[in-house]
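Okay, thanks for coming, everyone.

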Amino acid sequence: MATTVVRQAAWLVGWDGASGRHAYLKDADLAFSDDRIVHVGPGFEGPVGREIDGRGLFVMPGLVDLHSHPALEPAYKGVREEHGVPEMYMTGLYERATTFRTDAQGELAAAEVAFSELLLSGVTSLVDVSGVYDGWIDLLARSGLRGWVAPWYSSAAWKMEAGHKLGFTWDEPAGIAGMAQAEAFMAEAERHPSGRLSGMYSPGTIDTCTEALLRDTVAAAQASKRPYTTHIAQSVVEFNLMVERHGKTPVQWANDIGFLTPDALLAHAIFIDDHSWLHWRSRRDLAILAETGVTVAHCPTPFCRYGQLLEDFGRYLRAGVTMGIGTDTLPHNFLEEMRKTAVLARVAAGDIKTLDLADVLHAATIGGARALWRDDIGRLAVGAKADIVLVDLAHPHMRPVRDPLRSLVFSAAERAVRDVFVDGRQVVADGRVVHLDPDEAHDRLQEAQARMLADGPRRDFAGRDAETITPLSLPRMGANREPECTRTRPSGGSFNGELSAFP
Ligand SMILES: [Zn+2]
């Protein structure tokens, strides 16, 4: 059993089990044998197979990413960052999801890119919410990540009925079959010899699943001892639809059908009843999230780009909600999500004291671990898994070093991440992923994105091309541009009312 020691780490984030929080150690040794940490603190004296000089390093636990779509989102680079539909309360989700779809080769390329970016930003545990595609298990295992495959299924598909209107194509048997396919796929992942893959039930979104499918999910998840996840309260459109269907907010309806339990991981939970955009009269949703013991996966990036905020992360914590963090979209940079979590909570609250960086790190590690029922990840403690991030304190963006966690989150981000270990196995070495080839994957992704965009007009409800739906950020030199005062979004008016087929 070979032991690796990081000797005399200048700074180290240790887990203080007595107080239940992370704390700094200085000039400490961290030793691990195989997949487990065997020593945290000064003076490790056991036999050593590999020694890493820690004097220029900041050592911290691997980060737990609770929400991502690796096979989907990388193909949206340059497409989605400024795409939103004002007539749908800014969200571009529905228009984009129904119009721009990558093919199977694109999904594999996208996932390899996303896994690489995630590892390079210190993620060691990942909830991967994707449609089942060939090669998913092999690629995720090869990446070296600790992965939860969450194959999504649903009873309905979204369709755009007009530039401002979301419709649904219901197919209940497809939802039931999709859940069965997900179960077979999760079981296959869990049998993988790496031992790092687990399954998570993933009914797609609260508005595309029948009550029966959601109830069946809870029962099956509990019987098979797997957690489950869905998207909920992610748009004003969804909030209004659920009120129209049930006379209740999405959170209250989910609670009433028994979906909100400590096993539930809820992506987003932004548009709860007291959100300022809703002017809803009840004030119960936040308490429900706390009392039911769910975990919220907070993903600030896609929403803030629409002009939307979770109101606010610190308030959720004080209400007693378990909070974790996810990346959801590009860039797959978990450290940037941590920065946005801190900054945007303060913007939403108008109060610098609504949270502090220790709260953010706790959510990014322990909050995530709790959602995954794990007390052996997200912390550097004897007996925990050797999921470890080594940060280069000599990197210019880390210096001057007074508070390395602040330097990392507010200045350096992934640029200073040097080495990453998962299960004691090195997956990032000197700022490069060890087991993946992101450069080659980018070549494939470039071609896949071109195919996706070319296919857009066929899928779009009004046959529009990508340049119309999401124009480039700058005009092409010499092209005529409308004066600012006459610009309107080209949608709705010319639509003839026919429903598009989807998928
Ligand atoms: Zn999502």
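Let's start with T98, which sits in helix α1, the stretch covering residues 93-99. Before going further, keep in mind that this is a predicted model. So, is T98 buried or exposed? It comes out at 6% relative accessibility, and because the cut-off for buried is under 20%, T98 counts as buried. And what does its side chain meet there? A polar atom of the T98 side chain lies 2.7 Å from the backbone oxygen of Y94.

Okay, on to the metal. Which residues hold the zinc ion? We have H67, H69 and H231, each coordinating through NE2, at 2.0 to 2.1 Å. Along the chain, the zinc donors are spaced as H-x1-H-x161-H. As for how accessible they are, H67 has a relative accessible area of 1%, so it is buried. H69 is at 4%, and that counts as buried as well.

Last stop, the nonpolar parts. The largest nonpolar core has 97 residues, and the members touching the most others are F58, F115, F259, L289 and M338. Let me pick M338 from that list. Leaving aside residues up to four places away in sequence, M338 touches L63, I325, V360, L361, A364 and V409. Apart from that core there's another one, of 16 residues, including L30, F32, I388 and F421. As a general point, nonpolar side chains in soluble globular proteins tend to be buried together.

That's my tour, happy to go back to any of it.

Methods
Residues numbered from 1 in each chain as written. Predicted model: local features only at pLDDT ≥ 70, side-chain atom pairs only at ≥ 80, totals over all residues. Heavy atoms only, no water. Donors = N, O, S within 2.8 Å, 3.2 Å for Na, K, Ca; no water. Buried < 20%, exposed > 50% of the residue type's maximum accessible area, 1.4 Å probe, protein only. Core = buried A, V, L, I, M, F, W, Y, C linked by side-chain atoms within 4.5 Å. Contact = heavy atoms within 4.5 Å. Helix = DSSP H or I, 4+ residues; strand = E, 2+ residues; numbered from the N terminus. Polar contact = N/O pair within 3.5 Å; in protein donor to acceptor, adjacent residues only side chain to side chain.
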